[in-house]
Amino acid sequence: MNWEIVIGLEIHAQMSTKSKLMCNCDASFTSEANTHICPICTGQPGMLPVINKQVVESAMMIGLATKCNIRKLNEFARKNYFYPDLPKGYQISQYDKPICENGSLEIDVNGVKRTIGITRIHMEEDAGKLVHAGSDNIKDASYSLADLNRSSVPLCEIVSEPDLRSAEEATAYAQKIRQIVRYLGVCDGNMEEGSLRCDANISVRPKGQTTLGTKTEVKNLNSFKAIEKAINIEVERQIDILEEGGEIVQETRHYNEATNSTKSMRSKEDAHDYRYFPDPDLVPLLIDDAWIKKVQDALPELPEEKKNRYMNSLSLSEYDANVITVEKETVAFFEETISFGAKPKDTVNWIMSEVLGTLNQKGIELSQTKLTPKLLAELLILIDKNTISGKIAKTILPQIIETGENAEKIVAEKGLAQVSDQGEIKKIVEAVINENAKVIEDIKGGNPKAMGFLVGQIMKRSAGKANPGIVNELLNELLS
Amino acid sequence: MNDILKLTAIEISKKYQTKELSCSEVTKAFLDRISATNTELNSFVSISEKTALETAKIVDEKIAKSQRLALLEGVPIAIKDNMCTSGVATTCSSKMLANFVPSYDATVIEKIRNNNMPILGKTNMDEFAMGSSTETSFFGSTKNPWNTNTVPGGSSGGSAVAISALQAPLALGSDTGGSIRQPASFCGIVGMKPTYGVVSRYGLIAFASSLDQIGPFSKNIDDSAALLSVISGYDHKDSTSQPNIDTDFTKISSQKEIKIGLPKEFFANLDPKVKELYQDTISILSKEGIIFEETELPSLEQGISTYYIVAPAEASSNLARFDGVRYGYRNQEAKSLVDMMELSRSEGFGAEVKRRILIGTYVLSSGYYDAYYKKAQQVRTIMKNDFQKAFSKYDLLLSPTTPTPPFSFGEKSNPLEMYMNDIMTIPANLAGIPALSMPFGKSNNLPMGIHLMGNLLEDQKLFSIAKKIEQILGFNIQNPYWEK
Amino acid sequence: MTIDKKTVEHLAKLSRLRFSDNELVSFTKSLDDIFQYANSLQKVNTDGISPSAHAIPLQNVFKEDEVITYKDIDKLLDNCADVENHCFKVPRILTN
Ligand SMILES: [Mg+2]
Ligand SMILES: [Zn+2]
């Protein structure tokens, strides 16, 4: 049978605020257990929550960036369940009144563009972390230790419609979400530290069927690779069951990256009924148009907008516009570089190939080098003015990255400036012609490769400094 | 018996200013009274003699230097044991928290400490404030000083008894459905529940968050208003705290004509003796020019049903944090997490607490939410509207505080029967309005309270009219226990 | 709607409580009494009435995004029955 894959993603993005959602503890990551805690986030008796305003604005920013409607009357609800990493016995979340609804996002997989619906985005607090002793898995652990540093750290949960049709699309969607929250500066997108976590709701159905098949929810997808692999393996599992005439059990499954398999998380003790109700300790949150407009006006330019602008007013190709906008840091570097007078197209090429290539080899990030947009612009302008050739420029780039010296200084010190003096070049050209009589004959016999050899010899003798345009001009003149 | 004990808080304050009394002397007198009577009454679960006397010393130094004292500065106070006191056990009279020592102060405690009011000790209560008789305390029940075979009411029974038996001139209680006003009525004293949000709930161990409110116990209205002035005020740590309130409740506003509504719905189930006393009182007050009118607030009939859905719903969630993991009682034999949680909670909580957790869990569970929880919240809206309508016509609403005189230990063994006791007091919590109980007479030598409800944020007006009524009725608080 | 033993057993499980048979019988009885009484709510017409989660309407109460370090963390841990490595220790989580 021909199966259609149906995927919806729930992405938990940790807001990079200074303090937690409901208390004033430091919200940043630390490996020292229970050092970012207080009576409120450890659920001590009598303690009360107060909402961090910045989280509300961050959630609004994500919503506006994904074309959501912002809800005017918001409410926080309690989600009740017992677990040792959940200090109050309930999680403060939003239930039937999430802050953002009905948004969408465009993804592009191999040139095919699709619009993915966003059902809702809501604010909630994170739970703490459990370390299982005596085993790396919860089942065999002899006991567990609760570290509540993460308790009440702010999250935005971004829930997509079941619009994704392949693991590739799901991955592209997750990457797009990461790109947006990073552009907005509301989440660092660090998947290894858990700043961005993803659960996938997966089902399959016969092609053409309109009703949804029974879904499973696969958790613990901590990298884009994991998202892709877990979806593929789960889809395969479901199709196998259905093709053998079996039925899918609606359940939560855990993805194990080491074994590349998913496993049921059901346990006999579970009786699920979260008993959501409005948190009586918190008051409603009213968002008026003026507030929305203020946040909207302060939104940074988003990847999609940048891309269009680059294509329209900087005449970049779609490919170039795409690659340069992927990462927030790269695009910022690009914009600053062209602000110093470098040509956009050259700048894209240089950043994407030479700069990032060199940094990759060294295993460092753009932010960690001495290379500044100004230094790069100066280098590119030297090429543009024919002061040095592109080839020479490539040879001095590592030095700029290393030392932060400017290109002009390096060129001057090393005497690398291009020679454009006709007389000087003519001497070299004549000498090379005299020494290569055989080659000259080949050229005259119509062998084009021979001409290249000749140019190479001339450049070599000039230590790469001879202006190639003048070399060609003189060769043509002397050989005709 | 030491005459100091009979003084009101304001009188004590005055005698500090005139240097007739020292704070240490006063504090010592009450501490002595507590140690002489607590074995019999069991109104205190812990006594903090040392810190109380330390505070008194600070006040005495100020008195010696003739420094001006703030309102009620240096007046000793007793605290219901559900308000967190840093470094001092805060138990909610539960086995669950018998050894719990908070590392923080409730906002009210911070205010009391900043005002140098010696804290005499923590008072007994129904476990987690769930009850109307102080019989559900893990530390045993508290006795009513008027008759020790009688309950003092609850849940703030210990605090009410502390005033009634002259163990403290002032006390704090908390009121979720009548837990200040009903014991005040049973003990012949004044107990007041402010407008919701006038006093911060930060550090009050929650029973039902949308209903809980801390309030004062005292011998008379003036003391009550003064104590509310000390403990009230906006608190940024409590999102439900009322901003921009005038916290001077001691101002008396006089008005020519006082119009009081008598809700018809409360007359139906009155004990004949209570009814008689109530009608006599109304005729006395009428003669003094107060205008009474019977009125209808139909939703009041749903008070108990609404309350016993809303309060347990919130409680079931509020009490989920007592899971043995971070603090509180833990069963040490349990071999698995679920065992540990279930055994700790089953052994740490008493029957009434468990009952309310079950009720609350039921009304929030899927399939029952709309029929119970949501329905109750809708009726709550109707009730708020009924009150708004009534207060557009009347300054106050009046009724007895309880439908019956104080009852004996074990008399109300059926939970529903016990719940019925709160029929007059519950609506004020659901609507958030201020209300108080003050003594208005005796039945079988047991005191009875009259219940006044005011409009939202009109706490000051409530005190003003209550003071007038107090002057007219001139009820003598004195009870037989005073001479013991 | 009447409350039966099975319902109470389920509620106990949801709320992490455990009862003896006698307790189960007694709670079933008292819950049933209470809900028989509370069912009087059903006769109130609440069409179009919005539910009140709060006694008094307030809105938009926030804190600013600033870090304030809590100084008495060790005292928080002192209340825990079992601490290991500065963490709250709990028995093994899964039994099956
Ligand atoms: Mg969630
Ligand atoms: Zn905290």
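A nonpolar core is a set of buried Ala, Val, Leu, Ile, Met, Phe, Trp, Tyr and Cys residues joined through side-chain atoms within 4.5 Å. Buried means under 20% relative accessible area, exposed means over 50%, and partly exposed lies in between (1.4 Å probe, protein chains only).

**Before you start**

This is a predicted model, in which local features need pLDDT of at least 70, side-chain atom pairs count only at pLDDT 80 or more, and totals for chains, interfaces and linings use all residues. Residues are numbered from 1 along each chain as its sequence is written, chains are lettered from A and ligands numbered from 1 in the order in which they are written, and side-chain values use heavy atoms, with hydrogens and water left out.

The predictor gives the complex an ipTM of 0.97 and a pTM of 0.92. Chain C has an average pLDDT of 94, and 97% of its residues score at least 70.

**Stop 1: the cores**

Select B:Phe128, B:Leu172, B:Ile260 and B:Phe387. These residues touch the most other members of the largest nonpolar core, which has 196 residues. Helix α12 (residues 369-393) of chain B supplies the largest share of this core, nine residues. Helices (H or I, at least four residues) and strands (E, at least two) are DSSP runs, numbered from the N terminus.

Now centre on B:Phe387. Leaving out residues up to four places away in sequence, B:Phe387 touches B:Leu297, B:Leu300, B:Leu397, B:Pro427, B:Ala431, B:Ile433 and B:Met453; contact here means heavy atoms within 4.5 Å. A second, separate core has 104 residues, including A:Ile7, A:Val181, A:Ala393 and A:Ile410.

**Stop 2: B:Lys374**

Stay with helix α12 of chain B, where B:Lys374 is placed. Is B:Lys374 buried or partly exposed? B:Lys374 is partly exposed, at 33% relative accessibility. Apart from neighbours within four places in sequence, B:Lys374 is in contact with B:Tyr369 and C:Pro51. Its C-alpha atom is separated by 9.5 Å from that of B:Ile309, 65 residues apart along the chain.

**Stop 3: the domains of chain A**

Colour chain A by domain: domain 1 (3-293), domain 2 (301-414) and domain 3 (422-479). Such bounds come from an automatic or database domain assignment. Taken over C-alpha atoms, the centres of domain 1 and domain 3 of chain A are separated by 66 Å.

**Stop 4: the magnesium ion**

Select ligand 1. Which residues are the protein donors of this magnesium ion? The donors are A:Glu124 (OE), A:Glu124 (OE) and A:Glu157 (OE), at 2.1 to 2.7 Å from the ion. Donors are N, O and S atoms within 2.8 Å of the metal (3.2 Å for Na, K and Ca); water is not among the atoms, so sites may look incomplete.

A:Glu124 lies in strand β8 and A:Glu157 in strand β11 of chain A, 33 residues apart. A:Glu124 is buried, at 4% relative accessibility, and A:Glu157 is buried too, at 9%.

**Stop 5: salt bridges**

A salt bridge is a side-chain nitrogen of Lys or Arg within 4 Å of a carboxyl oxygen of Asp or Glu. The count over all chains is 60.

- Select A:Glu101 and A:Arg71, whose closest N and O atoms are 2.9 Å apart. A:Glu101 is in strand β7 (residues 100-109), and A:Arg71 is in the loop between β3 (69-70) and β4 (73-74) of chain A, 30 residues apart.
- Select A:Asp126 and A:Arg150, which form a salt bridge at 3.2 Å, N to O. A:Asp126 lies in the loop between β8 (112-125) and β9 (129-133) of chain A and A:Arg150 in the loop between β10 (143-147) and β11 (154-160), so the pair ties together parts 24 residues apart in sequence. A:Asp126 is buried at 7%, whereas A:Arg150 is partly exposed at 28%.
- Select A:Glu304 and A:Lys307, with closest N and O atoms 3.7 Å apart. Both lie in helix α5 (residues 303-313) of chain A, three residues apart, about one turn of the helix. Salt bridges that share partners join A:Arg78, A:Asp279, A:Asp281, B:Arg201 and B:Asp238 into one network.

**Stop 6: backbone details**

Select B:Gly154 and B:Ser155, joined by a cis peptide bond with omega about 10°. B:Ser155 is in the loop between β3 (119-123) and α5 (157-164) of chain B.

End at A:Lys67, a residue other than glycine with a positive phi near 60°. A:Lys67 is in the loop between α1 (53-65) and β3 of chain A and is exposed at 60% relative accessibility.

Notes
pLDDT = per-residue confidence, 0-100.
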